[in-house]
Amino acid sequence: MLEQLLIFTRGGLILWTCKELGNALKGSPIDTLIRSCLLEERSGAASYNYDAPGASYTLKWTFHNELGLVFVAVYQRILHLLYVDDLLALVRREFSDIYDPKRTVYNDFDETFRQLRREAEARAEEFKKSKQTVKPINNIKKQGQMQKAIFDKGSKKSDGGLGADGGDGDKVKGRRLENGRSIVNHVEIEEPRMTGVINGKENTSSNVSAFDVSKLQKRTKGVKKTDSVANKGSKADPKKKVTKKNRVWDDAPPDTKLDFTDPVGGNGNGNENIEVVAADQGESMMDIEEIISSDSEGEEDGNLQKDSKPEAKKKGWFSSMFQSIAGKANLEKEDLEPALKALKDRLMTKNVAEEIAEKLCESVAASLEGKKLASFTRVSSTVQAAMEEALVRILTPRHSIDILRDVHAAKEQRKPYVVVFVGVNGVGKSTNLAKVAYWLLQHNVSVMMAACDTFRSGAVEQLRTHARRLQIPIFEKGYEKDPAIVAKEAIHEATRNGSDVVLVDTAGRMQDNEPLMRALSKLIYLNNPDLVLFVGEALVGNDAVDQLSKFNQKLADLSTSPTPRLIDGILLTKFDTIDDKVGAALSMVYISGAPVMFVGCGQSYTDLKKLNVKSIVKTLLK
């Protein structure tokens, strides 16, 4: 049953809603659709699923881009309503005929909707009945008889034969060759040749008798022998588990583990050589405004026009000239495809994940389809402008990312502001944690580091070196400790000492490593940090989607809380090594919805800056 159908403008004004459809919706599926899908340039998707306590909805929508209208239908996900797409198309067509921008009430559309709904339901019933009248069993029998006839011709020359009852479809499917493969698969390989004979087309190369089973049996005998030898060799005693033993030197195994962690206050090797650079490296790049040079727009969309030239050549000189002066009535999908294909290729060359580039182009096409092209305007420039607006909207944070304001708010509540750094191996979590600490020190914020990477050798010493260079306290418990407990004790210590911020360093882990992801989920659940920062490389392409989506998924699945904490922000590292390949920023923001809060662009403590959205968009479309 259809739960709700709404018509509203892109500005958010509801023009009409059906009052007869069911009860009030549970939750806020329409608001969630607008925030999570339409505003995030995911409108190219076919549908959107919304889960609420006690209900699960599916939402489908369509646009009238010329009038700026949105049509949304809501129904229970368990019901597979076949008429929803047809109903939306009918409502869109009829409502656009009576739409007046000055009107805000359309009570007279109720009766029209009832008729359209009955018409769409009748079409769906007819379609369902037409599918039921088709008898696929007869087709299967015919196909089985055809396979039998052709297979018998090919098996007359075979020595052993495969049985005379191969004509029945089920029996053919159930019989196996010696190498474990089904006969049907081999018959399907020869289908192009079969259809050539059946249709009566003379083709010398399509000879069914070329399927010689005897040769196939000879080949499979060798395969079977090698498989049996391999199986014999691979058979081992399953009860015995092979475990790697530690190497013993001089027949004297050490009783203690090799842990060279220096004591907190000790004087280990090289400690006297650590340089103190508390405020000697100058101002952090976070506080320096980046200036962007404004170039001409014609230079930017020149490549798009080159890519879409073959489409323009088909129309002729006069028709293209007249169309550019008078404007095109309505943009169709065929008009947008050349420019969108060029844009997709360009985004992928800038290191944007292919899946993200395709979804963006689909969303831009959905927002432009049906719009009227203005006079003296090219399709390529229209697509370029729409894509630029979409990219700016995606990369612009939806909420405040002013960490200093949040730190002062936490200070007023007399508790430290906790930031947890997470990410895969080798992306630079510890180094960029030190950069964030340096930036906070520049703003007179007291910082404490928490060494919760108790897994990687040298991680505690690395963080201790940064702490001594910056002259800030560090809380550490050595290796092989529970990182969640270490972080909790560090937060208690910071509360006692009056530290404003606690920066928690965690071990690098791959997104598929469930034990380490479970430990990270425990750390976040137990300590409830104010900010969870995902540290990712700017060098990654398609893997950015996999990393962030699986990190969020694992944090949600492995958390014991009913409202699990996910990634709140992104720290993008190694940004100085990618030239114009800035697409990882777009991929990460699009897949997670979290903003890029910091950008690491060097090896010194000052090499940390904000993400300049205009600069990224300009680079992506250049």
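User: How far apart in helix H19 are Glu-493 and Arg-496?

Analyst: They are three residues apart, so about one turn of helix H19 (residues 483-497) separates them. Helices here are DSSP runs of H or I with at least four residues, and strands are runs of E with at least two, numbered from the N terminus. Please keep in mind that this is a predicted model: local features need pLDDT of at least 70 and side-chain atom pairs 80 or more, while totals for chains, interfaces and linings use all residues. Residues are numbered from 1 along each chain as its sequence is written, and side-chain values use heavy atoms, leaving out hydrogens and water.

User: Got it. What do the side chains of Glu-493 and Arg-496 meet in?

Analyst: A salt bridge, with an N to O distance of 2.5 Å. The term covers a side-chain nitrogen of Lys or Arg within 4 Å of a carboxyl oxygen of Asp or Glu.

User: And are Glu-493 and Arg-496 exposed or partly exposed?

Analyst: One of each. Glu-493 is partly exposed at 22% relative accessibility, whereas Arg-496 is exposed, with a relative accessible area of 62%. The classes are buried under 20%, exposed over 50% and partly exposed in between (1.4 Å probe, protein chains only).

User: Nice. How many salt bridges turn up in the whole structure?

Analyst: A search of the whole structure gives 25.

User: Tell me about the one between Asp-86 and Arg-123.

Analyst: Their side chains meet at 3.2 Å, N to O. Asp-86 belongs to helix H2 (residues 84-98) and Arg-123 to helix H3 (residues 109-133), so this pair ties together parts that are 37 residues apart in sequence.

User: Where do Arg-117 and Glu-121 lie?

Analyst: Both are in helix H3, four residues apart, which is about one turn of the helix.

User: Are Arg-117 and Glu-121 buried or partly exposed?

Analyst: Partly exposed, for both of them. Arg-117 has 21% relative accessibility, and for Glu-121 the value is 30%.

User: OK, new topic: the surface. Which residues make the nonpolar patch of about 310 Å²?

Analyst: Met-1, Ile-78 and Leu-79 make that patch. Patch members have over 30% relative accessible area and no salt bridge; like charges are joined within 9 Å and nonpolar side chains (Val, Leu, Ile, Met, Phe, Trp, Tyr) within 5 Å. Areas are Shrake-Rupley values with a 1.4 Å probe, and for residues only the protein chains shown count as cover.

User: Where in the fold does Ile-78 lie?

Analyst: Ile-78 is in the loop that runs between strand S5 (69-76) and helix H2.

User: Last one: is Ile-78 buried or exposed?

Analyst: Exposed: Ile-78 has a relative accessible area of 71%.
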